[in-house]
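Work through the exercises below with the sequence and the model open beside you. Each task is followed by a solution that goes step by step.

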Amino acid sequence: MDAASSLPKMRQYLRKMKRHSRHVPKLINYGTPRKLANIMLAEWELRRQETLLRCLPYYYIVDVCNVCNLRCPLCPTGNMTIARKQAMFSFEQYKEVFDKIREYALVVSLYNHGEPLLNPEVFSIIEHTHRNRVGTNISSNFNWPQPVDINDFIRSGLDYVTVSLDGVSQEAYQQYRVRGDLAEGFDNLRRLVSAKKALNSKTPFVEWQFIVFKHNEHEMNKARQLASVIGVDLLRFVSPGMQPEDMHKLDLQEKWMPDNPLYWERNPKLVEERGYVFDRACFYLYRSMFIYPGGGVTPCCFAHDDNQDFGNIYKNSVSEIWNNKMYRSARMLFSKRAPSESRVETICDKCTVFRQDGAHLCGVRAAHDVFREERTRAADRIAV
């Protein structure tokens, strides 16, 4: 490989390393001996592919608002396929949940299937989390129907904010961020960067996230120039992501996937070629817990139907949910060890995102075989 062809891959690697480095301040600022010991245990049990864990999750995703003002076509909230009650955590409800997770939580991400800034109590939630020595992240489209005091991003103690702006022209941007106003997004982004400078604050770390689609990849160089002018901490180009149940749909793949192979990290073609997207076991089942308004707990962000919940945080403790039958059954799919007990079917049985080394040992039909059948049926329908 010559230098010219390897340069883009090197840039991509450096971007990933810079983003991963965001974890270091949180380990330093919020890592108590108990939390650090739990993290090491979790990583060890992931490496060993255990199914009954001694660790507890250390990264929590609490969806403080699963309502959104935009209509992004690949998002279950945006395309209106989300099958759970849409609501917001009140501050009091959040404190009840936080009391259950705070002992081992290193970080809480306060978003998932919605726009967190629609929750009028979001900064009180962030401040409470920060005051109790837990790191915080949010991700926002930076289009807000109601006024937001930009200084609250700094005063609340927020550690990290991801700003989702996929383009530098309204024409390109609005193809995916339906109902979004790019000028408003950039105006709010500039205001945040200026407020950080005015208050001489290092936080929050400001990431501009640009999802690379077929219709906007020609604007990447302009985005680099603009990011430098605005002064964001990181401009991150990422691959589009499709819901596992949509990966067999050729029309979506053709419409949204970029031509640049550097941003095929989550391309459904990978499932065709090798049976999964990421060549590794699922790490969510060892590190993370996703919590929704109403208390529903899921193993990952792809479980957007309340029938797929693994438990309810209001009814059980974290440890009771973490090692229940649903979680143990899901972990068996990724373990090379033969199951030592019976299992139940979970949403993970149909997952083509991670490599399932243990599916055949569990007597479960490989998810990628199901995918290929669905892809064939979809292609036949298109042909007709």
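**Exercise 1.** Find which helix gives the most to the lining of the second largest pocket, and describe that lining.

*Solution.* Begin with the helix: α15 gives the most to the lining of the second largest pocket, with 4 residues, where helices (H or I, at least four residues) and strands (E, at least two) are DSSP runs numbered from the N terminus. A pocket is, on a 1 Å grid over the protein atoms alone, an open set of points where a 1.4 Å probe fits, with protein on both sides within 12 Å along at least five of seven lines, and its lining residues have an atom within 4 Å of a point. Both α12 (284-287) and α15 (367-383) supply at least two residues of this lining. Next, take the space itself, which comes to about 530 Å³, a volume being the space filled by probe spheres set on the points, which are joined across faces, edges and corners. Of the 34 lining residues, those closest to the centre are Q243, P244, E245, I347 and K350. Finally, sort the lining by type: 21 residues are nonpolar, 7 polar and 6 charged, with Ala, Val, Leu, Ile, Met, Phe, Trp, Tyr, Cys and Pro counted as nonpolar, Asp, Glu, Lys and Arg as charged, and the others, Gly among them, as polar.

The model is predicted, so local features need pLDDT of at least 70 and side-chain atom pairs count only at pLDDT 80 or more, while totals for chains, interfaces and linings use all residues. Residues are numbered from 1 along each chain as its sequence is written, and side-chain values use heavy atoms, with hydrogens and water left out.

**Exercise 2.** Which residues have the most contacts inside the largest nonpolar core?

*Solution.* The core, a set of buried Ala, Val, Leu, Ile, Met, Phe, Trp, Tyr and Cys residues joined through side-chain atoms within 4.5 Å, has 109 residues, and V62, F153, W208 and I291 have the most contacts inside it. Its largest share, 6 residues, comes from helix α8 (residues 182-198). Leaving out residues up to four places away in sequence, I291 touches, among others, Y60, V62, F89 and I313, where contact means heavy atoms within 4.5 Å.

**Exercise 3.** Where do R179 and N200 lie, and are they buried or exposed?

*Solution.* R179 lies in the loop between α7 (170-176) and α8, and has a positive phi of about 80° although it is not a glycine. R179 is exposed, with a relative accessible area of 59%; buried means under 20%, exposed over 50%, and partly exposed in between (1.4 Å probe, protein chains only). N200, in the loop between α8 and β5, has a positive phi of about 55° and is exposed at 71% relative accessibility.
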